[in-house]
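Please work through the exercises below with the sequence and the three-dimensional view side by side. Try each task yourself before you read its solution.

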Amino acid sequence: MAPRAFWTGHLRLSLVNIPVRLYPATSSERSIAFHQIHEPTGERIRYQKIAPSVGPVENEEITKGYEYEKGKYVLIDPKEIDELKLESKQTIDLARFVDEDAIDDRYFQTPYYLMPDGDMADEGYVLLNRALKESKKIAVGQFILRGHGNIVAIKPFENGLLLEVLRHADEIRAADKLFDEIPEVKLDKEALDLTKELIKRKSGKFEPEQFKDEYAEAVRELIQAKLEDRAPEIVTAEPGGAKVINIMDALKKSVQQGKSGGGTTKAPAKKSSSSRSTKKTARTAKRKSA
């Protein structure tokens, strides 16, 4: 079943209006959530909203406040904030087109899939996709979502369009003070060449499906093991070598290892269903005998 669009509106380029729909490009289904539990009773911890001089208070008695001095607040009614929210025009206004590498990576925040909304939108949508690809540009615009103004970048993605919400300038911290602490190092040309050779050997396409979240998998195995009342099957990584003292020696060994084929990493073989079934049966028999 196709997901539902959470925003519909128009993409406007000068006098051209393209009806579009917006879909999330990411999912939080993989995240593992834990609750705080009172161990003796197994009950979930609950929280109360408390005023120190009063005790527990009701939600109706709570307002918002901005701390302008330590311990001093100016009170703001939530209704006053709601009145400030910008009225949505349901339009993404494309104001400028920039080079593909013109936007600092730190500004990119949240990706969305932008889709044409209806047959009348198809021609304009495909036209914009093709024009952006051939000109190697990214569209930058603004639109209002949930009462807040957003800067967005729209780029061609496969045969569609990807919209990315950008951070505002005042949300980005300058890196100068941190990077100024990096000392100047006189590099050995051979060490630089060896490092570039390692990069060349390991260059290839980005294939995110090849990278596994081993920590999340281990946590899921721990949870499942507790549900089945057994010890978790923990796969430990091979221990690393000793602390590297001479970077040149380490680089030479790494390059040599790649030449001999020792640097190739193979994905671990998947356990067969019969093997998992045999192990599970053995664990069950062991618990019964115990």
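The exercises that follow concern a predicted model, and each solution goes step by step.

**Exercise 1. Find out what span helix α2 has, and which face of the helix its buried residues line.**

Step 1. Begin with the length: helix α2 covers residues 119–135, which makes 17 residues, and the distance from its first C-alpha to its last is 25 Å.

Step 2. Next, look for the residues in α2 that are buried, which requires a relative accessible area under 20%. In this helix they are A121, Y125, L128, N129 and L132. When α2 is viewed down its axis, these buried residues fall within an arc of 100 degrees, so they line one face of the helix.

Step 3. Now turn to the other side of α2, where D119, E123, L127 and E134 are exposed.

Step 4. Because its relative accessibility is 22%, G124 counts as partly exposed. The C-alpha atom of G124 is separated by 6.1 Å from that of I18, although the two residues are 106 residues apart along the chain. After the helix comes K136, which has a positive phi near 55 degrees.

**Exercise 2. Compare two salt bridges, K137 with D99 and K189 with D193, and state where the partners of each lie.**

Step 1. Start with the total, which is 11 salt bridges in the structure.

Step 2. In the pair of K137 and D99, the closest N and O atoms are 2.4 Å apart. Since K137 lies in strand β11 (residues 137–145) and D99 in strand β9 (residues 91–99), this pair ties together parts that are 38 residues apart in sequence. K137 is partly exposed, with a relative accessible area of 27%, and D99 is partly exposed as well, at 38%.

Step 3. In the other pair, the side chains of K189 and D193 meet with an N to O distance of 2.9 Å. Both residues lie in helix α4 (residues 189–201), where they are four residues apart, or about one turn of the helix. K189 counts as exposed because its relative accessibility is 61%, while D193, at 34%, counts as partly exposed.

**Exercise 3. Determine which residues are joined with R230 into one network of salt bridges, and whether R230 is buried or exposed.**

Step 1. Locate R230 in the loop between α5 (214–227) and α6 (247–259).

Step 2. Its side chain meets that of E221 in a salt bridge, with 2.7 Å from N to O, and both E221 and R230 are buried. Salt bridges that share partners join E221, E228 and R230 into one network.

Step 3. Check the remaining side chain: that of E228 makes a polar contact of 2.6 Å with the side chain of R230.

Step 4. To settle the question of burial, note that R230 has a relative accessibility of 15%, and therefore it counts as buried.

**Exercise 4. Identify the residues that make the nonpolar surface patch of about 220 Å².**

Step 1. The patch is made by L13, V16 and F97.

Step 2. Of these residues, take L13, which lies in strand β1 (residues 7–13). With a relative accessible area of 32%, L13 is partly exposed.

Notes:
Residues are numbered from 1 along each chain as its sequence is written. This is a predicted model: local features need pLDDT of at least 70, side-chain atom pairs count only at pLDDT 80 or more; totals for chains, interfaces and linings use all residues. Side-chain values use heavy atoms; hydrogens and water are left out. Helices (H or I, at least four residues) and strands (E, at least two) are DSSP runs, numbered from the N terminus. The expected span of a helix is 1.5 Å times one less than its number of residues. Buried means under 20% relative accessible area, exposed over 50%, partly exposed in between (1.4 Å probe, protein chains only). The arc is that of the directions from the helix axis to the C-beta atoms. Patches are made of residues with over 30% relative accessible area and no salt bridge: like charges are joined within 9 Å, nonpolar side chains (Val, Leu, Ile, Met, Phe, Trp, Tyr) within 5 Å. Accessible areas come from the Shrake-Rupley method with a 1.4 Å probe; for residues, only the protein chains shown count as cover. A salt bridge is a side-chain nitrogen of Lys or Arg within 4 Å of a carboxyl oxygen of Asp or Glu. A polar contact is a pair of N or O atoms within 3.5 Å; within protein, one must be able to donate a hydrogen and the other to accept it, and residues adjacent in sequence count only if both atoms are side-chain atoms.
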